[in-house]
Amino acid sequence: MRMRRHSNHDESSTGIDLAPMLDFVTNLLIFFIITAVFVKESGLEVNRPTSFEQPDDSDIQSIQIQILENGEIWVDNRAVDIQAVRANVERMSAVSPESGVLILAQDRAPTGTLVEVVDQVHLGGINNITFSTTQ
């Protein structure tokens, strides 16, 4: 009589137990979620003027630059590109060297465009800049 050998191993128990790995991944996920809450980015809050002020007689000789909501830039009542702001400021400054610049920005004008215009005015040689908003 032949004896058969019975194996104690079931077919289902031959796989790798993934429970410890899942616990480890869950702990890592919880750690990253908790630490991500404490990471804060620094920012700068900009408060623009809210009222429109009419320029007085001393600002009549100022070079007016308007910035519209859609990002258009107007110098001397004509639309210009950001690269043309410096040339216009230099040209107008040569005519009247004591003049300053009045930047009229609409309420929702892009802040990046405003900063670029200020940079171009500084490169044009004028440091006397006045800011105002339009309604």
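## Basis of the description

Two strands are said to pair if DSSP finds at least two bridges between them. Helices (H or I, at least four residues) and strands (E, at least two) are themselves DSSP runs, numbered from the N terminus.

This is a predicted model, in which local features need pLDDT of at least 70 and side-chain atom pairs count only at pLDDT 80 or more, while totals for chains, interfaces and linings use all residues. Residues are numbered from 1 along each chain as its sequence is written, and side-chain values use heavy atoms, with hydrogens and water left out.

## Overall organisation

The chain holds three helices and five strands, and along the sequence these follow the pattern α-β-β-β-α-β-α-β. Of its 135 residues, 25% count as buried; buried means under 20% relative accessible area, exposed means over 50%, and partly exposed lies in between (1.4 Å probe, protein chains only).

The accessible surface of the chain is about 10,900 Å², and carbon and sulfur atoms account for 54% of that area. Accessible areas come from the Shrake-Rupley method with a 1.4 Å probe; for residues, only the protein chains shown count as cover. Among contacts (heavy atoms within 4.5 Å) between residues at least 6 apart in sequence, 75% join residues at least 24 apart.

## Strand S1 and its partners

S1 pairs in the parallel sense with strand S4 (residues 101–106), over five bridges. Within S4, Ile 103 is the bridge partner of Ile 65.

S1 also runs antiparallel to strand S2 (residues 73–75), to which three bridges join it. Here Ile 67 stands opposite Ile 73 of S2. The two strands form a hairpin with five residues between them, and Gly 71 in the turn has a positive phi of about 95 degrees.

## Loop between S2 and S3

Asp 76 lies in the loop between S2 and strand S3 (78–80). Although Asp 76 is not a glycine, its phi is positive, at about 55 degrees. Asn 77 is placed in the loop between S2 and S3, and this residue, not a glycine either, has a positive phi of about 60 degrees. Asp 76 counts as partly exposed at 43% relative accessibility, and Asn 77 as exposed at 66%.

## Nonpolar core

A nonpolar core is a set of buried Ala, Val, Leu, Ile, Met, Phe, Trp, Tyr and Cys residues joined through side-chain atoms within 4.5 Å. The largest such core has 20 residues, of which Ile 65, Ile 73, Val 85, Ile 103, Val 117 and Val 121 touch the most other members. Two or more residues come from each of S1, S2, H2, S4 and helix H3 (111–123).

Ile 73 has contacts with Ile 65, Gln 66, Arg 78, Ala 79, Val 80, Ile 82, Val 85, Thr 113 and Val 117, when residues up to four places away in sequence are not counted.

One salt bridge is found in a search of the whole structure. A salt bridge is a side-chain nitrogen of Lys or Arg within 4 Å of a carboxyl oxygen of Asp or Glu. Arg 86 forms the bridge with Glu 90, their closest N and O atoms being 3.2 Å apart. Both residues lie in helix H2 (residues 82–95), four residues apart, about one turn of the helix. Arg 86 is partly exposed, at 35% relative accessible area, and Glu 90 is partly exposed at 37%.

Ser 93 is also found in helix H2, and is buried with a relative accessible area of 16%. Ser 93 touches Ile 63 and Ile 126, not counting residues up to four places away in sequence. Although Ser 93 and Ile 126 are 33 residues apart along the chain, their C-alpha atoms are separated by 7.8 Å. Glu 98, in the loop between H2 and S4, is exposed at 57% relative accessibility.

## Nonpolar surface patch

Ile 16, Leu 18, Met 21, Leu 22, Phe 24, Val 25, Leu 28, Phe 31 and Phe 32 make a nonpolar surface patch of about 970 Å². Patches are made of residues with over 30% relative accessible area and no salt bridge; like charges are joined within 9 Å, and nonpolar side chains (Val, Leu, Ile, Met, Phe, Trp, Tyr) within 5 Å. Leu 22 lies in helix H1 (residues 19–37) and counts as exposed at 53% relative accessibility.
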